[in-house]
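Q: I have a model open on my screen and would like to learn how to read it. Could you walk me through it, feature by feature?

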Amino acid sequence: MRRQPFTLHFTPALSFNVAKKHVRDGLSSMLLTDDNLWVSCDERTSLERLRRTGPHAFGEHCSYQLADLLDLPSGEDAEIDIEGMATDGHYLWLVGSHSLKRKKPEKEGADTAEQLARLAKVKAAPNRNLLARIPLLRNPATGNFELHKKAPHPTDPTQMLHAAQLRGTDESNELLDALAHDPHLKPFLSIPSKDNGFDIEGLSVSSGSHVFVGLRGPVLRGWAVVLELRVEEDKPGRLRLHAVPGAAEKHYRKHFLDLGGMGVRELRLCGADLLVLAGPTMDLDGTIAVYRWPNATQQAADSLLDAKRMRRLFDVPHGHGPTAGQDKAEGMALLDDQHLLVAFDSPADARKPGPHQVVIDRYPLAEALAAAEKDRPVKSPPRSK
């Protein structure tokens, strides 16, 4: 599949977190709103906005601190691990991984017993348990979209738009509470994300409160999971789960997808379909591919979609050999009706042409969709008796 490089230019003063990690080295989600490209880094509590500055470039980096817009239980210095963004109406939605984390052993020179003790430690990160939406409005003077804690509705000044998040406590929220009784997912809520534990990576929102959440893990006997929710604001600043018709569980539908053993790394709405970026659930190099899920937003009940019902569009190259552990595709955005952008966590040095730049890839989406339909098996008409 032909790729076209696009270069993202970041502002040095905005590019490093408290641990001195550059934003370009941890890109985890990506979203386009007209000329603005929004990206998140999995080790920050901010959203980054860029603007298209050329045919194959985005720059004019601006950063929004989410602690100024939302209530973060662990404060502004503890990562949210943002793994999905979406837009609907006049809101930007975002989701944290909702995952536990296991400490890593030190690389060299440390006492073995101490390192084994580190590897046994599993820790909750309350800021990760975030599902929220923030008013997103275009500034008519600059043409850029901006985030607000509170703002008048642009076409109905009698309405106010409020930043809001799913109701919960410092250690949980309504979604995790609901899943605590789920027959498929309950056992994985206490398992760290990199161990095939519960880990959200992907968000799409359609028709107001119609929310799809993709899971990197768990993958169950090769089947990836997407949760379908109804999320609505019940008072300023607070979102609640509402009942989902036709579901086995009250507050969500479960959709199991055959992605060849991969988990979900990003979701993107494309008409009534969902585009799915799929990749390994464990912390390893492996196949990464983009799928089309036809009529995903039209499901009336829980579903099980085998490989014949999913359309594998193309594979995305990943690190291997000298670049092992690098170039892990995690962000995906619709550039236009014809093209798709893909961004990478841990980009290889070849993707860093300058000190504050990183190269992402553009793929021909329309071409891939047409090829997938062409290769689709044609059913033979029934024989007459």
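Predicted model: local features only at pLDDT ≥ 70, side-chain atom pairs only at ≥ 80, totals over all residues.

Q: What counts as a strand, and what counts as a pair?

A: Strands of a sheet pair through backbone hydrogen bonds, either parallel or antiparallel. Here, strands (E, at least two residues) and helices (H or I, at least four) are DSSP runs numbered from the N terminus, and two strands pair if DSSP finds at least two bridges between them. Strand β26 (residues 339-345) also has 4 bridges to β27, again antiparallel, with Leu340 opposite Tyr363 in β27. β27 in turn pairs with β1 in the antiparallel sense over 6 bridges, where Phe6 has Ile360 as its bridge partner.

Q: What is the strand order of the open sheet of 8 strands?

A: The order is β2-β3-β4-β5-β1-β27-β26-β25, and the pairing is mixed. β2 and β25 stand at the edges, each with a single partner strand, so one side of each is left without a neighbour in the sheet. From one strand to the next, the twist averages 30°; axes are lines fitted to C-alpha atoms (for helices over the stretch in contact), and angles run from 0 to 180 degrees between N-to-C directions.

Q: Which strands of this sheet are joined by a hairpin through 4 residues?

A: Those are β3 and β4. Strand β3 (residues 36-41) and strand β4 (residues 46-54) run antiparallel, with 5 bridges between them, and Trp38 has Arg49 in β4 as its bridge partner. β4 also forms a hairpin with β5, with 2 residues between them. That antiparallel pairing with strand β5 (residues 57-65) has 7 bridges, and there Arg49 stands opposite Cys62.

Q: How many residues of strand β27 are buried?

A: For strand β27 (residues 357-364), the count is 7 of 8, so to speak a mostly covered strand. Buried means under 20% relative accessible area, exposed over 50%, and partly exposed in between (1.4 Å probe, protein chains only).

Q: Is Ser15 buried or exposed?

A: Ser15 is buried, because its relative accessible area is 0%. This serine lies in the loop between β1 (4-9) and β2 (27-33). Leaving aside residues up to four places away in sequence, Ser15 touches Phe10, Lys21, His22, Val23, Arg44, His61 and His356, where contact means heavy atoms within 4.5 Å.

Q: And is Lys308 buried or exposed?

A: Lys308 is exposed, with a relative accessible area of 73%. You will find Lys308 in the loop between β23 (303-305) and β24. Lys308 and Asp258 are 50 residues apart in sequence and 8.8 Å apart in space, C-alpha to C-alpha.

Q: Where does helix α3 lie?

A: α3 lies across β25, β26 and β27, at about 40° to β27. Helix α3 (residues 365-374) also lies across β21, β22 and β24, running at about 130° to β24. Those strands belong to an open sheet of 4 strands, β20-β21-β22-β24, with antiparallel pairing. Its edge strands are β20 (263-270) and β24 (311-316), each pairing on one side only.

Q: How much space lies in the largest pocket?

A: About 1,300 Å³. A pocket is an open set of points on a 1 Å grid over the protein atoms alone, where a 1.4 Å probe fits, with protein on both sides within 12 Å along at least five of seven lines; lining residues have an atom within 4 Å of a point. The volume is the space filled by probe spheres set on the points, which are joined across faces, edges and corners. Of the 45 lining residues, the closest to the centre are Glu43, Arg102, Lys104, Arg128 and Lys194.

Q: How many residues of each class are in that lining?

A: The lining has 11 nonpolar, 7 polar and 27 charged residues. Ala, Val, Leu, Ile, Met, Phe, Trp, Tyr, Cys and Pro count as nonpolar, Asp, Glu, Lys and Arg as charged, and the others, Gly among them, as polar.

Conventions
Residues numbered from 1 in each chain as written. Heavy atoms only, no water.
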